[in-house]
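Here is a short report on one protein chain. Please read it with the sequence and the model side by side.

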Amino acid sequence: MKKLITAAAAALLAVSLLSAQTDITQVTFPKKIFIGDTVELRYTFRSPVDFFSDKEDSVVARNIDVKSLQFEPETDDYTITKASLERTGLSYTFSMTFMPWRTGNIDFPPFDLARAVYRKASSEFAIDLQPVVVSTILQKADDTTLRLPAGPLLLPGTMYTLYGFAIAIIIILILLIRLIVKWPVIYNSRREKKLMRTYARNARNLFRQLRRLEKSGERITDAEFCTELQQLVRRYLAVRFGYDFTTVMTSQFAAVFDKLTAGTMPGKKQDAAEALASVMHRTDYIRYAHDSLDSKRLPAEQYAAKLGERERESLVAAIYDSVNSFEEVQQNA
């Protein structure tokens with residue numbers, strides 16, 4: 001009877017071991033391994049040992065210190081960087097990440113998983129990983145024939161981003177080229193507008209000063225009136241033509257205008273210049289001919305060194321007309 005019970009127990013043990021063996025699977029990611037690859041080895045098994053007895057039921061994974069695997073984690077053949085254990089129902093999966101450093105079979109030493117998890121485990125559970133094959137680059141599939149050059153692999157949607165970026169760069173380059181080509185025109189246009197604003201401001205300032213001078217009335221003499229009138233005209237012309245008219249003699253006005261315009265002064269502008277020269281001649285006579293013999297000649301209205309009735313107004317009006325002609329010609333040019 002004892003022999004029968006012993007035989008039955010042995011048979012049951014053999015069936016149990018055979019069943020345990022069939023529940024073991026081992027896979028690697030990637031399947032084809034080469035030197036220097038980062039490889040994840042997953043060893044799945046069933047075990048009566050509870051490797052999460054110290055954890056709550058909700059915990060399904062735990063890290064394992066690679067130094068507790070009872071063999072060197074770093075050798076000339078491999079380097080183990082990480083290890084962990086997961087549970088799914090009654091099944092466990094031991095994961096190990098490593099990098100191989102040689103080709104051929106790499107056989108990891110067997111180790112006690114219970115001791116790796118608990119250090120001072122009361123029971124043992126030995127794991128003997130299957131050898132891992134590390135291939136050489138020459139063993140890659142489909143490497144026996146030459147391949148056409150292939151473009152870089154891109155993430156989904158990346159190509160549209162690159163196309164958009166390329167189009168944006170092209171548009172920016174076109175705008176830059178157009179700006180460079182048109183820059184002289186743009187620069188001259190801005191410079192011309194700025195110059196026109198300067199001319200307009202200069203003319204407005206002259207008109208304001210002329211109105212103030214007109215209102216001075218009898219408070220200033222004719223000579224003082226003519227002196228200030230000449231100064232206002234000369235300052236205006238200096239800004240308007242970019243030439244220092246404050247040092248130009250009245251007799252040289254016509255020659256200076258001709259020099260500044262290179263003899264191309266339009267008719268209306270030339271008339272304005274002659275009118276200003278006439279004003280300068282008349283005001284010079286009033287300023288410098290006082291009590292001279294020439295001022296006593298007849299007719300008095302022609303040679304007297306004083307302004308006639310309403311002559312101040314006529315001189316200011318002549319200046320107004322000349323300045324308006326200058327500004328109008330510039331705007332139409």
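Asn202 is buried, with a relative accessible area of 10%. Buried means under 20% relative accessible area, exposed means over 50%, and partly exposed lies in between (1.4 Å probe, protein chains only). The model is predicted: local features need pLDDT of at least 70, side-chain atom pairs count only at pLDDT 80 or more, and totals for chains, interfaces and linings use all residues. Residues are numbered from 1 along each chain as its sequence is written, and side-chain values use heavy atoms, with hydrogens and water left out.

**Helix 3**

Asn202 belongs to helix 3, residues 158–214. Helices (H or I, at least four residues) and strands (E, at least two) are DSSP runs, numbered from the N terminus. Beyond its neighbours within four places in sequence, Asn202 is in contact with Arg235, Tyr236, Val239 and Arg240. Contact means heavy atoms within 4.5 Å.

An α-helix has 3.6 residues a turn, so residues three or four places apart point the same way.

Helix 3 also bends, by about 55° at Lys182. The bend is the angle between axes fitted to the seven residues ending at a residue and the seven starting there. A proline, Pro184, follows within four residues.

**Aromatic pairs**

The structure holds 20 aromatic pairs. Rings of Phe, Tyr and Trp (its six-membered ring) pair if their centres lie within 6.5 Å; planes under 30 degrees apart count as stacked, over 60 as edge-to-face and the rest as tilted. Two of these pairs are tabulated.

| Pair | Type | Centre to centre | Angle between planes |
|---|---|---|---|
| Phe94 and Phe111 | tilted | 5.3 Å | 50° |
| Phe207 and Tyr320 | stacked | 4.7 Å | 25° |

Phe207 lies in helix 3 and Tyr320 in helix 8 (residues 311–332), so the pair ties together parts that are 113 residues apart in sequence. Both Phe207 and Tyr320 are buried. Phe94 and Phe111 are both buried too. Ring pairs also link Tyr43, Phe45, Phe51, Phe52, Tyr92 and Phe125 into a cluster.

**Strand 3 and Arg62**

Arg62 sits in strand 3, residues 61–64. Is Arg62 buried or exposed? Arg62 is buried, with a relative accessible area of 13%. Its contacts beyond four places in sequence are Phe51, Phe52, Asp54, Lys55, Ser84, Leu85, Val117 and Tyr118.

The side chain of Arg62 makes a polar contact with the side chain of Asp54, at 2.9 Å. A polar atom of the Arg62 side chain also lies 2.7 Å from the backbone oxygen of Phe51. A polar contact is a pair of N or O atoms within 3.5 Å; within protein, one must be able to donate a hydrogen and the other to accept it, and residues adjacent in sequence count only if both atoms are side-chain atoms. Phe94 is 32 residues from Arg62 in sequence, yet the C-alpha atoms are 9.9 Å apart.

**Pairing and loops**

Strand 3 pairs with strand 4 (residues 78–88) in the antiparallel sense over four bridges. Two strands pair if DSSP finds at least two bridges between them. Ile64 has Ala83 of strand 4 as its bridge partner. Strand 4 then pairs with strand 5 (residues 91–100), again antiparallel, over 10 bridges. Here Thr79 is bridged to Met99 in strand 5. The hairpin of strand 4 and strand 5 has two residues between the strands, and Gly89 takes a positive phi near 65°.

Most residues other than glycine have a negative phi, and most peptide bonds are trans. Gln70 is not a glycine, but has a positive phi of about 65°. Gln70 lies in the loop between strand 3 and strand 4 and is partly exposed, at 30% relative accessibility. A cis peptide bond joins Phe29 and Pro30, with omega about 0°. Pro30 is in the loop between strand 1 (25–29) and strand 2 (39–46).

**Whole chain**

The protein chain has eight helices and nine strands. Buried residues make up 32% of its 333 residues.
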